[in-house]
Amino acid sequence: MVGRFVSEYGFQGMPNMETLQKVINKEDLNFTSEALKNHQKHPTGYETINEYMERDYVVPKDFEDYLYVSQLLQARGMKTAIEAHRRAKPYCMGTLYWQLNDCWPVTSWSSLDYFGNWKAFQYQAKRSFENLLLSVANENDKYKVYLVNDDFENYSGKLELELLSFDGKSIWKTSKEISVEENTSTIVYEILKEELKSFDWQQTVLKVQLNEVQSNYFFAKPKELKLQKPTIQIRTIDSFTFEISSDILAKDVFIYSEGEVFFEDNYFDLLPHEKRLIKLSKAAKEIKVKSLFDTMQ
């Protein structure tokens, strides 16, 4: 739903385990406890989360995995909204989501929890509000690639599109030189669905790149993806930097550590053999990682 200026919209996501452990006793960290219900002030909040999670994800039975997937669900929904609004400029010239933060530890619409921890949505909001945004839209018989340019200067470069299997094989690729005007949203490429009908959409990702700007587009819902267990490797660069990579697609990679360590990027898709540098706010004793595959078993 796209208006001229969208001033308030949102979807709930749960805080992480570390936050809940500070305010709820260990024995009450489960779906049926009154303590957990008390930290949700929307009368049908948990029911709504679960309804949409069942639609798009394999619903985890493990409580901590459920917290993680609820954050992915919130980020996915908000990405859909924010990017639809931005693609629609100049018809839509503003998008303000509800909400930024919390006044107490709670399941809510916030992108930052009460203690200032970034939920998956905050990381996604950072990506979806970049001045230069590549966004793919499923429209009728086509997939349309938009470049939203919020800078006040023209932009040009080589647009590269590539279909990859989840194990890293290149299935199809093309490129073209493009140029877009300042402060615009422009369709820079269109792919007829007919052209892609021979590919298995459940194990294919579309990588779109323009110079340093990149976006990945999946053709199926997360629960429909034929994910396999990735081997994720972490290589220490120094006390505040590490490199992360995977042999095959690792979907929605979540990095975490005890001791309130902040990671500059998180909840991201890691393409096969892609290497990504991540900076930390302070040294971590142990870095743990999970991906969506771990919750689908």
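Reply: We may begin with solvent exposure, where buried means under 20% relative accessible area, exposed over 50%, and partly exposed in between (1.4 Å probe, protein chains only). Asp 150 has a relative accessible area of 26%, and is therefore partly exposed. This is a predicted model, in which local features need pLDDT of at least 70 and side-chain atom pairs count only at pLDDT 80 or more, while totals for chains, interfaces and linings use all residues. Residues are numbered from 1 along each chain as its sequence is written, and side-chain values use heavy atoms, with hydrogens and water left out.

Me: Which residue meets the side chain of Asp 150 in a salt bridge?

Reply: A salt bridge is a side-chain nitrogen of Lys or Arg within 4 Å of a carboxyl oxygen of Asp or Glu. The partner of Asp 150 is Arg 86, at 3.1 Å from N to O. Elements are DSSP runs numbered from the N terminus, helices being H or I with at least four residues and strands E with at least two. Arg 86 belongs to helix α4 and Asp 150 to the loop between β2 and β3, 64 residues apart, so the pair links distant parts of the chain. Arg 86 counts as buried because its relative accessibility is 6%.

Me: How many salt bridges does the structure hold, and where are the residues of the pair Asp 65 and Lys 290?

Reply: The structure holds 22 salt bridges. One of them joins the side chains of Asp 65 and Lys 290 at 2.5 Å, N to O. Asp 65 lies in helix α4 and Lys 290 in strand β13 (residues 288-290), 225 residues apart. Both Asp 65 and Lys 290 are buried. There is also a network of salt bridges that links Arg 55, Asp 56, Arg 76 and Lys 221.

Me: What do β1 and β2 form?

Reply: They form a hairpin with 2 residues between the strands, and Asn 140 in the turn has a positive phi of about 55°. Strand β1 (residues 132-139) and strand β2 (residues 142-149) run antiparallel and are joined by 8 bridges. Ala 137 stands opposite Lys 144 in β2. Of the 8 residues in β1, 6 are buried.

Me: How many disulfides are there, and is Cys 92 buried or exposed?

Reply: A disulfide is a covalent bond between the sulfur atoms of two cysteines. The rule used here asks for a pair of cysteine sulfur atoms within 2.5 Å, and by this rule the count comes to 0 disulfides. Cys 92 counts as buried because its relative accessibility is 3%, whereas Cys 103 is exposed, with a relative accessible area of 70%.

Conventions
Pairing = 2+ DSSP bridges.
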